[in-house]
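Here is a short briefing on the side-chain links that hold parts of this chain to one another. Have the structure open as you read, and follow along residue by residue.

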Amino acid sequence: GFEDMSCRAWVKSKEDAEQRQQYIAWMRGVLSGHNYANPGQQVSVISSATVEQYVNRFCSEKPLGQFSDAAFRLSDQFSGRNLPITK
């Protein structure tokens with residue numbers, strides 16, 4: 001993870017292409033990890049643009065949220081699980 005995984009940090013990274021790419025790469029790693037751990041619920045191929053758009057929408061709806069939560073919700077939605085995450 002990153003020191004600051006807030007939606008505020010995500011929004012700010014729009015001005016820093018390198019930071020934004022690091023965040024997206026991390027999320028793609030989460031999706032790969034999901035596939036490794038859940039062979040019966042694979043996330044299909046998702047473009048980086050789709051990941052970015054999903055997190056943008058998540059953070060606009062939940063500005064005090066964590067973009068890491070968006071990555072986990074993305075894996076649920078695209079794997080067919082689509083159930084609420086329990087912590």
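Searching the whole structure, which is a predicted model, turns up 1 salt bridge. Its partners are the side chains of Glu52 and Arg20, with an N to O distance of 2.7 Å. There is also 1 disulfide to look at, and it joins Cys7 to Cys59.

**The salt bridge**

- Glu52 sits in helix H3 and Arg20 in helix H2 (residues 17-37), so this contact ties together parts that are 32 residues apart in sequence.
- Arg20 has 5% relative accessibility and counts as buried, because buried means under 20%.
- Glu52 comes out at 26% relative accessibility, so this residue counts as partly exposed.

**The disulfide**

- A disulfide is a covalent bond between the sulfur atoms of two cysteines.
- Between Cys7 and Cys59, the S to S distance is 2.2 Å.
- This pair links distant parts of the chain: Cys7 belongs to helix H1 (residues 7-12) and Cys59 to helix H3 (residues 48-61), 52 residues apart.
- Cys7 is buried, at 1% relative accessibility.
- Cys59 is buried too, at 4% relative accessibility.

**Where to look in helix H3**

Note on methods. Residues numbered from 1 in each chain as written. Predicted model: local features only at pLDDT ≥ 70, side-chain atom pairs only at ≥ 80, totals over all residues. Heavy atoms only, no water. Disulfide = S-S within 2.5 Å. Helix = DSSP H or I, 4+ residues; strand = E, 2+ residues; numbered from the N terminus. Buried < 20%, exposed > 50% of the residue type's maximum accessible area, 1.4 Å probe, protein only. Salt bridge = Lys/Arg side-chain N within 4 Å of Asp/Glu carboxyl O.
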